[in-house]
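Student: I'd like to take a close look at one part of this model. Could you walk me through a single strand and then its surroundings?

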Amino acid sequence: MKVSAIVIAVGALGVGSAFAQEPIKIGAMYPLTGGGAVYGVPAMAGHQLAIEELNAKGGILGRKIESVERDDKMNPSAASSTMKELITKDKVNIVVGGLSSAVGLAMSEVSKQEKVVYISTIPKTIQMTTDKLHKYVFRTASNTDFEGDTMSMLAGKNKLTKLCHLQLDYAYGNDLEAGILKTLAKNAPNAKIVLTLKPKLGATDFNPFIPQVMAAGCDGVLSGLWGPHFVSWVKQAKPLGFFDKIKWISGGEIASHEIAGELKGDYPDNVISNTYELWYHAQDPSHKEFQQRLAKKLNTQETPQWALLGYIGVMYTAAAMEKAKSTDADKVAAALEGLTIKTPVGPLTIDAKSHQANTGQFWGPMVKKPGRAYRMMDPVEFIQPK
């Protein structure tokens, strides 16, 4: 099947008669309240945009798509029960989403038990596609091993020698630390870790940690503090001059406009980070049209990056079901293995063995721009797994 088959044709049925059939139900779970909503709400918007576009072209397999959306509350236990309800009560054909790695692992376990395909659009723990891999789980986000390798490479590129390691104490933070350590000696042979600190997921008070990092004498911090965690750290540490001499190299997509737009002038110097998408920078010719459609939907020119991940999850769902000519979970899972689709950041392929997409990210320093109230990435480097 050609990559372009992601654009679904209604065929001879016509939209009216096709939509008279039973709809295909896609379950979507993202954090829509609390601290995770800064990423979860945009992801859901991208999810909805994809469904709107597909339904306008005839849906999937000539059937209308129905989105069944839930708040995962960034809580593994709540996410498990909610996902089971989506499958057993709402009768969804597939589930996409998740944000925190702990929630992603919980959702993956439910998909394994219930034999329903789960596409992990944001959770990055490497466990999902290694020791906890199973037939029904697939990831279209990046993963902690690749992110860690890139961060250690950037530490070497910036000639850092004394590093402080700052990660959240849960699956993502612990696995990102492991991913960094796997490649640090190779990528930054002159660097050594002088301090490791692990605040809890959801932490808001970082005052006990900031003085420890400043006293350690590190010239760089490798971190996975994301979203509200990074915002809180900046607001508490920047007034102390924390970022004046310390280079902050971070995963967690704090280069996204969600964070740059929130912090505005408070965004600190010396930050190098990543993002899946930049509204002001194109990796693929199709990006401009995607960004314009998203801007129209959200009524803002400066669109958030997490929408892309929700969008891609739905488009992979559509392409797999069209390829399988079925909504049967076993057939859809088989269709996802090795499947390539076009996306606004270029073609992506899911590896048939690991169920991991070769998703890349933009990396670079966040700098001030004339006439802008927020930081922007410049220069921009797109790094993608081979």
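Student: How many of the residues of strand E10 (residues 271-275) are buried?

Tutor: Five of the five residues of E10 are buried, so the strand is mostly covered; buried means under 20% relative accessible area, with a 1.4 Å probe and protein chains only. This is a predicted model, in which local features need pLDDT of at least 70, side-chain atom pairs count only at pLDDT 80 or more, and totals for chains, interfaces and linings use all residues. Residues are numbered from 1 along each chain as its sequence is written, and side-chain values use heavy atoms, leaving out hydrogens and water. Strands and helices are DSSP runs numbered from the N terminus, at least two residues of E for a strand and at least four of H or I for a helix.

Within E10, Val271, Ser273 and Thr275 point one way, Ile272 and Asn274 point the other way, and all are buried.

Now for the neighbours, where two strands pair if DSSP finds at least two bridges between them. Strand E9 (residues 247-250) pairs with E10 in the parallel sense over two bridges, and Ile272 of E10 is the bridge partner of Ile249. The pairing of E10 with E13 is antiparallel and has four bridges; here Thr275 has Phe362 of E13 as its bridge partner.

E13 is also mostly covered, with five of its seven residues buried.

Most residues other than glycine have a negative phi, and most peptide bonds are trans. In the loop between strand E14 (376-377) and strand E15 (381-383) you will find Pro379, which is joined to Asp378 by a cis peptide bond with omega about 0°. The loop between strand E12 (348-349) and strand E13 (361-367) holds His355. His355 is not a glycine, yet its phi is positive, about 65°. His355 is buried as well, with a relative accessible area of 4%.

Elsewhere, five strands form an open sheet in the order E2-E1-E3-E4-E5, with parallel pairing. Strand E2 (65-71) and strand E5 (137-139) stand at its edges, each with a single partner strand, so one side of each has no neighbour in the sheet. The twist averages 20° from one strand to the next, where angles run from 0 to 180 degrees between N-to-C directions and axes are lines fitted to C-alpha atoms, for helices over the stretch in contact. Strand E1 (residues 24-30) and E2 are parallel over seven bridges, and Tyr30 stands opposite Asp71 in E2.

Technical notes
Buried < 20%, exposed > 50% of the residue type's maximum accessible area, 1.4 Å probe, protein only.
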